[in-house]
Amino acid sequence: MHRTGELFGQFETMEQQRESASFGMWVFLSTEVLFFGGMFMTYTLNRSTYPDVFGEASRSINLTLGAVNTVVLIASSLTMAMSVWASQVGKKQLLTIFLIATLILGSVFLGIKGIEYHEKFVEHHVPGLNFSFEPGASVATNAHAQLFFSLYFAMTGLHALHMIVGAGLLIWLIRQSMRGRFTPEYSTPVDLIGLYWHFVDIVWIFLFPLLYLIDRH
Amino acid sequence: MSSTPSTTPGNQLPREHYLNATYGIRSWLLTTDHKRIALLYLASVTFFFFIGGAFATMIRIHLLTPSGYLVTPETYNKLFTMHGVAMIFFFLIPSIPAVLGNFLIPLMIGAKDLAFPKINLLSWYIYLVGGSFVLYSFSTGGLDTGWTFYTPLSSVYSNSAVTPAVIGVFINGFSSILTGLNFIVTIHTMRAPGMTWFRLPLFVWAHYATSIIFILGTPVIAITLLLAGLERMFHLGFFNPVLGGDPILFQHLFWFYSHPAVYIMILPAMGVISEIIPTFARKPIFGYTFIAGSSIAIAVIGFFVWAHHMFLTGQSAYAALTFSLLSYLVAIPSAVKVFNWTSTLFKGSISYDTPMLYALGFIGLFLVGGLTGLFLACLGLDIHIHDTYFVVAHFHYIMVGGAVMGYVGGLHFWWPKITGRLYPEFLARIAAVTLFIGFNLTFFPQFILGYLGMPRRYHSYPPEFQVFNVMSTAGASILALGYLLPMIYLVWSMRYGQVAGRNPWPATGLEWQTDSPPLTENFDVTPEVTWEAYDFENRPDLGLDVKGAPTLAPAHGDD
Amino acid sequence: MSEHNIVSPKIYITIFAALMVCTFLTVEAAKVDLNHYFPGLNIIVALVIATFKASLVVLFFMHGKYSPKRTQLVIICSVFWLAIMLFMTMSDYISRPWS
Amino acid sequence: MPLYPEQASNFAPSVDALMVYITAVCLFFAVAITVAVIYFFFKYRRKSASEIGVPIHGDMRLEVTWLVVPALLALTMFAGGAVVYVDFRRSPMDTLDIYVIGKQWMWKAQQPTGLKEINELHVPVGRNVKLIMASEDVIHNFSVPDFRVKMDVMPGHYNTMWFRPTKPGRYHFFCSQYCGTNHALMGGWVTVMKVADYQAWLSGSSSADMNPVVAGEKLFAEKACNTCHLPDGKGRAPSLNGLYEGRVLLADGSTITADDAYIRESILAPAAKVVAGYQPVMPSFQGQLTEEQILALTAYIKSLQSQPVPASGAGVAPAGKK
C-alpha cells in the first residue's frame, strides 16, 4: 500500500480490491474476538468460582483512572471515525488533524494505563513479582486474588499491546496523510486501521465493567 | 496416462511458466506467487514429516519388547510428544491447505492469485519462526508433556523445554489463521465470472469449511497456550489447582480448538477425494450439494463436541450426555460423504490410475476411522477405551489413513499440474498398495490392544500385549517403505518424468484449462465459467466420447 | 467503503454522546447493590450496557450497518462462536452440582 | 489370543454388550460399502480410453435415507452408552468406601479401617466398592480394564467411581492419564477376595500405620481446629458431631449434604459454603495440608457421626427442618 491507489495484480478492479481488503480486516477481527475470548472464558469461570475475592480485588484498582480511560478511548474512537469521514469526503487537512487527535488520545490512554500499572507495582499486586494481596489475607484469598490480578494484567496487557500496535499504524497513517496520499477514491488504509482501532475500543468496553466494576457498592 | 488422450500436442513443457519465470534464491524467498509459496510449504512440511516420522520409527522399535530397552522412559515420553507436536501442528494441519490448497484454490476459481499474496508469504515465514522455536525445544532438552500440554504437568511439573515449544505452537497458530483468512476472502471475492458458489469444485468448499475452523478455532488455542506458558514462566495459577485455577478449564479451551483441528486435517482430504473420484469415474459427483453442505456442517457441528475428550475428567454427567449426543450428530455428515462417493462409482467409467487407488484406500480407511469414532462417542464404552490404544488406532486411521492418504493421493493427482510431468505409474501403484497394507497392519492391531486395556503413552507394558505390538511394528516398517518410495520417484520425475500436457486425466476443473505448469498469472485471459462442476457430458473440449454413454440406462440412480 | 457508505459526523457525535451516557450509567449502576433485588443483577446490567455500547460501535463507527451481507455474517459468526465457547463450557460447571 | 479382557465386574458385561452392538452395526456398513466399492470398481471399469460414465447427479430419496437411517442408529448407540454411563457416575448408597491417592508415580489406597496399601488394592467380591480419589500433583487416571472402569484422578478435588467385583482374582490396574516420566510404571494389582478372606486379610494385616481417625484427631488439635469447633456447639464454629452425611443449612438459605467433597472444600475454601448463623472466620488450609492429612481429618469427622448432636450450635441442620 505504498503507492496511492495502485491496483494490485491479483485483482481485476479497484472495487474488488477495496472490498477484499475490508472483508479481510473483518475476518481478522473475528479471529481477534476468539483470541480475547479465551481470556474472557478463563475470567468467567474464575469469577464465578471466587466471586467475593474477585470483588475485593476489583475494589483495589483505581475506578477513577479506569473511567477516565474509558472516556478517553471512546473519544479516540470518535476521532478515528471522523478521520474515516474526512478521508471519504476528501478533506485532507482535517484527516491529518483527526488522526493526530486519535494518536494523542491513544497515548493518553496508554499513559494512564502506565500510572495504574505503577500503582499496582507499588502495592505488590503484580503476580509473579513478590505478590501479596493484603496483610493478613489467608493463603487461599491471596491465591485467588492473584488469579484476579493475573487476569487483569493478561487482559489489559494484551489490550495495551493492541493499542501500541494501533498507535504504530496511526503514525504510519499520519505520515501518509501528511503527504496527501489519501483521496475519496483511495482511503482503504484509513478504513482498515479505523476498523482495528474500533475493535480495540470494543474490547475495552467489556474489560472496563468486568475488571473495575465488580461490587462497587 | 497411457490410457488417456492428451489435449496438449507435443511433448515439451510450455516455454514460460511459474517455475522458470524468474531464477535465484531471492525469487523464491521473496515470491508472492501462491504456487511458489505452496512449494515452499511442500518442502517445509515434508521436513517436519520426516522429523515426526523418525520419532515414530523409534517409538515402534522401542515397543517391540514389553520392557522396552531401546530408550529410557524419559526419552520415550519425549519421542511420542515430539512426534505428536511435529506431525499435528507442523505437518498435518498445514499439509493439504497450505500446499495443495494454496496451489489450487486460485487456479480452481479462475483467479490470478490469492487476495493477499504478501500475507500468504508472511504466513510461511511465521510457520518457519514457529517451527524454529519448536525445533529449538526439541534439541535443547526436548518436550515430554504429550502434545496435549495438559496442565499442571506442562505448567508446573515437567522439566523439559516446554516454554519454547509453547511459544512455537503459539506463533505457528498465526500462520494457520492467515492462511484461513486468505482463503475465505479469496473464495468470496476472487471467483472468475460465471463461477457461482454451486459451481465451485468441492475441494474449494472443503477449504472454505476448513478456513472457518482456522479463523475461529486457532486463536483459542493460541491464547490458551499463551496463558499456560505465562503460568509456567511466572508461577501464575490460571490452570493450577494449588493456586486456585482449574486444570479442566485448560482441557475445555484446548479441545475447543483441538477437536475441530481434526476436521482441519480431514476436511481438505475429503475435498481431494471429492475431486479424484468424479475425475476417474468420469461422471458428475453424486449429491454435490450434500457433499458441499456436509463440509460446512462438519466444520460448524465440530465446534459443539469437544468435551467428548473429557468424559472421565469429572465433568458434569449432564454435560457428558450433551456432548455425546452432539458427537453422534457430527458423524452424520461424514456418513453422507462416504455414501455419496460410493454412489458416484455407480455406472462410472472407472480407471485404476494411482490417485483413484488412493481415493478408494481413503474410503476404506476413513470408514474404519470414522466408524470407530462411534465407539468412542458412546459414553458407556468410552469408560473402558478412553486413553487406550483404541484411541491411538482411531485417530491414526483418521489422520494418517484419512488425511495423509488424501494428501499423498492429491499430490499424485495434481503432480502433473505442479511440475508439468507425470510420475512413473507402475511404481506409484505399488507404493499406494504398500501404504494401504502397511497402514492396516500397523494400526489395526492397536484397536485390539486398546480393548484389551493397554493404556496409551506407555514406554513399557505387560507381556500379554506383546504379540500385537510386534505386528504393529512390522506394519510400521512396511509403512515407512511406502512413504520413501513416492519421495524417491516424485523427485526423480521432476526431471525425468514424461511431459504431462494441460489435462492428462482429463479432468473438468479450471486448473486443467491452463498450462502445466501454469503461468505465473495462472491464465492468459481470465476464464469465464459456463459449465457445472464435474460435468463431463457437456464438455466436448475434453476430447472424450460424450455420446458413448447413452447405451446405458439414463439419469437417476435406481439402485 | 465507497462513496455510498459515508456516515455523517452528526451521527458519529450522537453515537459518541450515547456512549458517554452509557459509560456514566454503568459506573453508577455498579455503585448500587442491585444483587439485593435479584442475584447477579449487577453483572447482568453491566454486560447489557457493555453489549449495547459495543453494538453502537460496530453498527455506526465501524459501518456494520452499511456493510455487505458477508461482513455482517462474519460479525454474527464471531459472536456466535464466542457464545458457543462460553455457554458450552459453563454448562459443564453449572450442571455439576445437580447430580 | 484373547480379544477382550476378563469380565470381572458388574460393568464388564454391559460395556462388552455395547461393544458387540456397535461393532455389529459398523461391520454391516463397512462390509456393505466395501463390497459396493469393489463391485463397482470391477463392474464399471473403463472399457475404452475416451468413455465417460453415466451422468447421474444425485437422488433425493437416497440422500434422505442415508441422513435419517444412520442418525437413528446413532441415537440407539447414544442411548445405550448413556444408560451405562449414568449408572457408572451415580454410585449406589451402600458402598464400601476406599480412598485412593495418586502421586507421581505411585498409588496409595486406604481401606475404611485405615489400612493403607501401595500399588495394591484389596476388595471383597460382590460388594459395591466406591473409590474416592484425589491427586497430590498432576492428573492421573485409575483404570482397571478387567472391570471396564476408569476415572481421572484430579489434583484439587475428589472424583469418585464405583464398581462391583464379580470374580475373585488378581487384576491389573493402570494409570491411564499421561503423568510424566514413569507413567507406565504407575500401576499395580487389584485383588478381589471372597468376603471372608477379605475380612481375614483386613484384620490379619498388622499395619504399622496410624489409624486415620487417631491421626485426624491429632491433626485436629495440632491445627487448632478444636479451639472453635467445640463438640458442645458453644464455640465460634459449629460442632461437627453427627455432621457426616447430614444436611447442612447454609448462610444463603440452601442446604447441602456433608459428604467428602463438602468437608474437603470447607477445609480448603471455608468461605465458599458458610453454615447459617456463623461468620466466615475460618482460615483456609489450602497448601497447608497434604491429601492424606485431609483424608485423616475427614476420617476423624466421620468418626464423630455417631456422637451426640448438641441442641444448638450444630453444623448439621436439626432433623425435620429442611
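Predicted model: local features only at pLDDT ≥ 70, side-chain atom pairs only at ≥ 80, totals over all residues.
I'll start with a pair of helices in chain B: α2(B) and α3(B) run roughly antiparallel to each other, because an angle over 145 degrees counts as such and theirs is about 155 degrees. The crossing of α2(B) past α3(B) is left-handed. In that contact there are 25 nonpolar residues, six polar ones and one charged one.

Next, a helix in chain C. Helix α3 of chain C takes in residues 69-95, which is 27 residues. What covers them?

Now the contacts between chains, beginning with A and B. Chain A puts in 30 residues and chain B puts in 34 residues. On the chain A side, α1 and α5 each give at least two residues. The largest share comes from α1(A), with 17 residues. By class, this side of chain A has 14 nonpolar, 14 polar and two charged residues.

Then chain D against chain B. Here the contact takes 79 residues from chain D and 86 residues from chain B. Both helices and strands of chain D take part: α1, α2, β6, β7 and β9 each supply at least two residues of the side that touches chain B. Which of them gives the most? That is α2(D), with 19 residues. The chain D side divides into 49 nonpolar, 20 polar and ten charged residues.

One residue of α2 in chain D to point at is A82(D). A82(D) touches L321(B), S324(B) and L379(B), leaving aside residues up to four places away in sequence. A82(D) has 18 C-beta neighbours inside 10 Å, and therefore counts as partly exposed.

Last, some backbone details. Most residues other than glycine have a negative phi, and most peptide bonds are trans. Where are the exceptions that I picked out?

In chain B, the bond between T151(B) and P152(B) is cis, with omega about -5 degrees. P152(B) sits in the loop between α4 and α5 of chain B. In chain D, the bond from Q104(D) to W105(D) is also a cis peptide bond, with omega near -10 degrees. W105(D) belongs to the loop between β1 and β2 of chain D.

As for phi, D215(A) has a positive value near 45 degrees and is not a glycine. D215(A) lies in the segment after α6 of chain A, and it is partly exposed, with 17 other C-beta atoms within 10 Å. N119(D), also not a glycine, has a positive phi of about 55 degrees. N119(D) is in the loop between β3 and β4 of chain D. With 15 other C-beta atoms within 10 Å, N119(D) is partly exposed.

That is what I had.

Key:
Residues numbered from 1 in each chain as written. Chains lettered and ligands numbered in written order. Helix = DSSP H or I, 4+ residues; strand = E, 2+ residues; numbered from the N terminus. Expected span 1.5 Å × (residues − 1). Axes fitted to C-alpha atoms, helices over the stretch in contact; angles between N-to-C directions. Parallel < 35°, antiparallel > 145°, perpendicular 65-115°, else oblique. Left-handed = near helix turned anticlockwise from the far one by under 90°. Nonpolar A, V, L, I, M, F, W, Y, C, P; charged D, E, K, R; others polar. Contact = placed C-beta atoms within 7 Å. Buried ≥ 20, exposed ≤ 12 C-beta atoms within 10 Å, placed from the backbone.
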